[in-house]
Amino acid sequence: MTSAQVLNTRLAAAQPSATYRMMDRAALRKVAGHPVISLTAGEPDFDTPLHVREAGIAAIGAGHTRYTPVAGLRALREAVAAKYQRENGLDVAWQDTIVCSGGKQVLYNALAATLNEGDEVIIPSPYWVSYPEMVQICGGVSVIVACDAATGFKLTPAALEAAITPRTKWLILNSPSNPTGAVYSREELEALGRALLAHPHVLILSDDIYEHLIFDGAAFCTLAQAVPALRERTLTMNGVSKAYAMTGWRIGFGTGPRWLLEAMEKLQGQQTSGACSISQHAAVAALNGPKDFIAQSRAQFQRRRDLLVAQLNQAPGLRCETPAGAFYAFVSCAGLIGRRSAGGALLDSDEAVAVALLEEANVGVVHGSAFGLAHHLRFAYAIGEAPLQQAGAAVRDFCALAGPA
Ligand code: PLP
């Protein structure tokens, strides 16, 4: 029996995560004894704030170790509703929320609950690697809309209009963006909203997971806030993973129309049930507790961003705009394509550049084509300033030494 005979055809056609592939490759090289600095991982390097960890421990001590309601503990759903009110100006009742095992499950539940074979999902590119694969697994068709550096890697109303068809079911928006760090302003969201108002059959998934990682004093805005008339067909998704350095706790949440939340709950009830009870208690402490951690980590990420961008822009062949949010720099490596590295590798694609950077400069990054835009590299700067400085210098040397093919 072969896997082709038994596997679900939609799953068989999906790709494993390119981010994990490059992370694994960098980790393997490190284990083999090379001094690798990995800028591949999409998670904060900070520890979860102490009071949140203590809330998790207290939950175990208090015996909160049983199943919870599928859509989440009432206390967490109330904390989520309060968060949307406080931080996003959205008037949300706790019944208008759902808690899932990570932001990823919010997205997956929404797509799986709604997509029928052939339904289209508009995904602006560069995109987070999991969107098209989730769409594929759920039987949908991704409609990738290229957004290049000229528009700050952002979707324009005209490009959106051109992509909408009668089969469009969802538009996925992600701001701040993984992998580009692009942030949509309120005005840009209003302009997209005006286009969407003319197409009432389109649902919108707003992935706000990097909400708090926004720099230079800019204010975050989410679509349902900018265009309240779209609220009845918008799923506003978020979680504690990036804001509170809680990637391993697996708590995500969302607010949206009740018919959609009910369908997601039905699906989750037959799949994972409620999220981990201990993590839910910790997430209550995160959402209801002090917020100084957020300001501190934002300041640190901004310093790292400035340091990395300055270094990369000194590397011949690379070009990097300053990203407005998240903890990624999406860097053009077009100037290296067609050249040969000092170690003899032909740099004929962004993937070849990423592999040569790892093998010759011991710096792990992810190639842009994995995110839908070739001739780019994604640098995740969720590491300390000293190794970041070192990685930047190694990348500069690598680029300076590259010669003609
Ligand atoms: N959305 C984007 C854009 C992400 O980058 C990630 C994680 O990397 C997620 C969602 C998922 O977050 P979580 O870890 O809460 O599942």
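**Entry 1: around Ala 380**

Setting aside neighbours within four places in sequence, I find Ala 380 in contact with Leu 39, Thr 40, Ala 41, Phe 327 and Tyr 328; contact means heavy atoms within 4.5 Å. This is a predicted model, where local features need pLDDT of at least 70 and side-chain atom pairs count only at pLDDT 80 or more, while totals for chains, interfaces and linings use all residues. Residues are numbered from 1 along each chain as its sequence is written, and side-chain values use heavy atoms, with hydrogens and water left out.

I place Ala 380 in strand E14. Helices (H or I, at least four residues) and strands (E, at least two) are DSSP runs, numbered from the N terminus. Ala 380 has a relative accessible area of 2%, so I log it as buried. My scale for that: buried is under 20% relative accessible area, exposed is over 50%, and partly exposed is in between, using a 1.4 Å probe and protein chains only. I also checked Ala 380 against Glu 359: they are 21 residues apart along the chain, and their C-alpha atoms are separated by 18 Å.

**Entry 2: aromatic rings**

How many aromatic pairs does a search of the whole structure find? I get eleven. The rule: rings of Phe, Tyr and Trp (its six-membered ring) pair if their centres lie within 6.5 Å, with planes under 30 degrees apart counted as stacked, over 60 as edge-to-face and the rest as tilted.

Tyr 210 and Tyr 328 make an edge-to-face pair, with 5.6 Å centre to centre and 80° between the planes. This pair links distant parts of the chain, 118 residues apart: Tyr 210 is in the loop between strand E6 (203-207) and helix H10 (223-226), and Tyr 328 is in strand E9 (residues 328-332). Both Tyr 210 and Tyr 328 are buried.

What about Phe 327 and Tyr 328? Their ring centres are 4.9 Å apart and their planes stand at 55°, so I note the pair as tilted. Phe 327 and Tyr 328 are both buried. Stepping back, I see one aromatic cluster formed by Phe 46, Tyr 210, Phe 293, Phe 301, Phe 327, Tyr 328 and Tyr 381.

A ring of another kind of interest is Tyr 184: the charged end of Lys 154 sits over it, 5.9 Å from the ring centre. That call needs NZ of Lys or CZ of Arg within 6 Å of the ring centre and within 35 degrees of the ring normal.

**Entry 3: helix H14**

Helix H14 (residues 350-361) has twelve residues and reaches 15 Å from its first C-alpha to its last, close to the 16 Å expected at 1.5 Å a residue. The expected span is 1.5 Å times one less than the number of residues. Nine of the twelve residues of H14 are buried, so the helix is largely enclosed by the rest of the structure. Among them are Asp 350, Val 353, Leu 357 and Ala 361.

What covers the buried residues of H14? My list includes helix H3 (18-31), strand E11 (346-347), strand E14 (376-380) and helix H15 (385-401). Just after H14, Asn 362 takes a positive phi of about 60°.

I turned up a cis peptide bond joining Ser 175 and Pro 176, with omega about -10°. Pro 176 lies in the loop between strand E5 (168-174) and helix H9 (186-197). The peptide bond from Asn 178 to Pro 179 is cis too, with omega near 25°, and Pro 179 is in the loop between E5 and H9.

Asp 216 is not a glycine, yet its phi is positive, about 60°. I find Asp 216 in the loop between E6 and H10, and at 52% relative accessibility it counts as exposed. His 375 also has a positive phi, near 60°; it sits in the loop between E13 and E14 and, at 35% relative accessibility, counts as partly exposed.

**Entry 4: the two domains**

The domain assignment gives domain 1 (3-46 + 293-404) and domain 2 (50-290); such bounds come from an automatic or database domain assignment. Their centres, taken over C-alpha atoms, are 26 Å apart. The contact takes 34 residues from domain 1 and 31 residues from domain 2.
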